Amino acid sequence: MLVELTDIRKKYDKEVLKVDKLLFQKGLIYGIIGPSGAGKSTLLRIINLLTPFNSGTYQFMGRPLPSNGQERLKLQRKMALVFQKTLLFKDSVWNNVAYGLKARGFSRSEITQRVGELLEQVGLQELAFRRADTLSGGEAQRIAIARAVAFEPHLLLLDEPTANLDPGNIELIEKMIRQLNRTKSITVVMVTHNVFQAHRIAQEVIFIHEGRIVESGPTEQIFEEPLDPRTKAFVEGRMIY
Ligand SMILES: Nc1ncnc2c1ncn2[C@@H]1O[C@H](COP(=O)(O)OP(=O)(O)OP(=O)(O)O)[C@@H](O)[C@H]1O
Ligand SMILES: [Mg+2]
């Protein structure tokens with residue numbers, strides 16, 4: 001098991017997340033769906049160790065969360081998180097993708113090889129020496145994902161990565177995510193408002209409502225034979241929120 005969450009609780013003013021059990025298996029693509037405010041982003045940030053939780057246990061590859069800060073940082077570096085709004089550095093596309101590799105001490109030749117390969121994979125080689133702040137939204141998001149996976153994380157966490165993009169760019173990014181999952185066996189957890197997108201891309205779907213996991217399972221099951229009426233309402237677009 002890549003990630004295992006047990007009895008995780010998160011409270012701000014009120015409790016916003018209560019996860020009894022959640023398992024992420026290596027190599028799969030997961031879709032997290034649910035209405036606004038359900039706790040999807042909070043869950044991703046907890047998985048990424050950006051947000052601390054109040055109680056419960058978190059295991060990564062069968063190991064409990066290290067208490068030592070240095071060890072935690074190492075663990076955090078096995079994951080990458082990409083948000084809806086991309087923040088690229090005001091530098092060349094090439095340097096944006098190379099950044100994490102430099103920080104992790106990769107050799108110059110290794111960096112050259114990997115960045116070249118990644119840009120080719122996302123189909124943006126011709127933009128390598130453009131300044132990142134001149135890219136379109138879709139190009140920028142593709143570069144953000146390339147940058148995130150440059151150091152080959154075990155887990156790629158995506159929070160609404162295609163919100164505000166046009167259908168052409170959405171298709172490109174979905175293709176890219178599938179390809180990264182397949183060729184580099186990166187496990188993907190993607191939060192999306194769009195149930196159609198979850199249907200297209202995910203093998204497993206998790207439906208969150210009011211901080212609870214209402215239902216999770218193979219995509220076909222969640223869409224074709226949901227057990228909970230709230231899941232059914234949500235995937236059929238009948239849930240008002
Ligand atoms: N830093 C914070 N301080 C206080 N409350 C917070 C904080 N972050 C999130 N919340 C609350 O936690 C709940 C879950 O928020 P979260 O952002 O995880 O929802 P979401 O499912 O990602 O929603 P959306 O689809 O709109 O992005 C919300 O009620 C939100 O107001
Ligand atoms: Mg969110």
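H209 sits in strand 9 (residues 204-209); helices (H or I, at least four residues) and strands (E, at least two) are DSSP runs, numbered from the N terminus. The model is predicted, so local features need pLDDT of at least 70 and side-chain atom pairs count only at pLDDT 80 or more, while totals for chains, interfaces and linings use all residues. Residues are numbered from 1 along each chain as its sequence is written, chains are lettered from A and ligands numbered from 1 in the order in which they are written, and side-chain values use heavy atoms, with hydrogens and water left out.

**H209**

- H209 is buried, at a relative accessible area of 14%; buried means under 20% relative accessible area, exposed over 50%, and partly exposed in between (1.4 Å probe, protein chains only).
- Apart from neighbours within four places in sequence, H209 is in contact with P35, A38, V214, R230 and M239, where contact means heavy atoms within 4.5 Å.

**Ligand 1**

- The residues around ligand 1 are Y12, V16, P35, S36, G37, A38, G39, K40, S41, T42 and H193; a residue counts as near a molecule or strand if one of its heavy atoms lies within 4 Å of it.
- P35 and A38 belong to this shell and are also in contact with H209.
- Helix 1 (residues 40-47) gives the most to the shell, with three residues.
- A polar contact is a pair of N or O atoms within 3.5 Å; within protein, one must be able to donate a hydrogen and the other to accept it, and residues adjacent in sequence count only if both atoms are side-chain atoms.
- S36 has a polar side-chain atom 2.5 Å from an oxygen atom of ligand 1.
- For G39, a polar backbone atom is 2.9 Å from an oxygen atom of the ligand.
- For K40, an N or O atom in the side chain is 2.7 Å from an oxygen atom of ligand 1.
- Ligand 1 taken alone exposes 630 Å², and the protein buries 59% of that; accessible areas come from the Shrake-Rupley method with a 1.4 Å probe, and for residues only the protein chains shown count as cover.

**Helix 1**

- Six of the eight residues of helix 1 are buried, so the helix is mostly covered.
- These buried residues are K40, T42, L43, L44, I46 and I47.
- L49 follows helix 1 and has a positive phi, near 65°.

- Helix 4 (residues 108-121) has 14 residues and should span 20 Å at 1.5 Å a residue, which agrees with the 20 Å between its end C-alpha atoms; the expected span is 1.5 Å times one less than the number of residues.
- Its buried residues are I111, R114, V115, L118 and L119.
- Seen down the axis of helix 4, these residues fall within an arc of 130°, so they line one face; the arc is that of the directions from the helix axis to the C-beta atoms.
- They pack against helix 3 (93-103) and helix 5 (137-149).
- The face turned away from the buried side carries the exposed residues S109, Q113 and E120.
- L124 lies in the loop between helix 4 and helix 5 and is buried, with a relative accessible area of 2%.
- Leaving aside neighbours within four places in sequence, L124 is in contact with L119, E139, R142 and I143.

- M61, in the loop between strand 4 (55-60) and strand 5 (63-64), has a positive phi near 50° and is partly exposed at 35% relative accessible area.
- E160, in the loop between strand 7 (155-159) and helix 6 (167-183), has a positive phi of about 50° and is buried at 10%.
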